[in-house]
Amino acid sequence: MFLIMPTLYLVIGAFQTGEGGFTLDNILQLVSDPSISNSYWVSIKISFWSAIVGAFAGLALAIAIVRGGLPSWVRSATLTFSGVASNFAGLPLAFAFIATLGRVGIVTVLLRDIFNLNIYALGFNFLTTWGLIVVYLFFQIPLMVVIIVPAIDGLKKEWNEAAATLGATQWQYWRMVVIPVLFPSFLGTVILLFANAFGAIATAYAFAGPQLNIVPIKLYSQINGDVLHNPQLGYAIAFGMIVITGLANVFYIWFRTRSERWLK
């Protein structure tokens, strides 16, 4: 009731006029309006790069704490922090970055007063697309660690021993056993990270406001904006987001199923 009915309400509203009649104009405007279509591409770019960088960084960190021979407390502390940081988003995360690297942030002021280095005078500006990608990595990397660690734990020691018995090197073991087994889970998690970033709005809006032309902010402007108020177009934008995130989750479930088949 709380998931399907609101989704149906948005889908139906995307094909309605303000008076309740049927129309395709709202859907067609997603393509014909350069501002809206560009917002989709910008959102896809941010989601793609934050997912790719976050996935590889999180995978390296997960491998280090699981198979790197580190003390057990390091794994426990890392997983605890990752569980908290993966949910540390929205207004608190945006405020943390602004308070740290904003024009009067603590790091900015320390660099200016102690080292006489004004990073903003040198052209630094993190209220950009790439700046938002860096902010998203703060919760993308921990989320990757939380999700991929069980898959790495599922690698059986017997596989390594069998490969060594057959004369395989460590590189051959990783290339022919570990990577093929982990790849479906890794790719599925990348898709999940993509969907996670694609639908985020609180962090982006608090971070840069309407300066960034991304889909969630465009949707917010259409639903609640005074100037751009057009609920039906907002429903159509939401419908487009539902399609993209829905496809991402379908692929995630498919890859996850394939990985679990190997890890059982």
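Student: What should I know before we start?
Tutor: This is a predicted model, where local features need pLDDT of at least 70, side-chain atom pairs count only at pLDDT 80 or more, and totals for chains, interfaces and linings use all residues. Residues are numbered from 1 along each chain as its sequence is written, and side-chain values use heavy atoms, with hydrogens and water left out.

Student: Are α4 and α7 parallel, antiparallel, perpendicular or oblique?
Tutor: Helices here are DSSP runs (H or I, at least four residues), numbered from the N terminus. The axes of α4 (residues 72–85) and α7 (residues 129–153) come within 8 Å and cross at roughly 130°. Angles under 35 degrees count as roughly parallel, over 145 as roughly antiparallel, 65 to 115 as roughly perpendicular and the rest as oblique, so α4 is oblique to α7.

Student: How do the residues of the contact of α4 with α7 divide?
Tutor: Contact means heavy atoms within 4.5 Å. Among the residues that meet are Arg-75 and Leu-79 in α4, and Phe-138 and Asp-153 in α7. Ala, Val, Leu, Ile, Met, Phe, Trp, Tyr, Cys and Pro count as nonpolar, Asp, Glu, Lys and Arg as charged, and the others, Gly among them, as polar. The division is eight nonpolar, two polar and two charged.

Student: How far apart are the end C-alpha atoms of residues 44–66?
Tutor: The unreviewed UniProt entry annotates residues 44–66 as "transmembrane region", though such annotations may be inferred rather than shown by experiment. That stretch is 100% helix and 0% strand, and its end C-alpha atoms are apart by 32 Å.

Terms used: Axes are lines fitted to C-alpha atoms, for helices over the stretch in contact, and angles run from 0 to 180 degrees between N-to-C directions. Helices (H or I, at least four residues) and strands (E, at least two) are DSSP runs, numbered from the N terminus.
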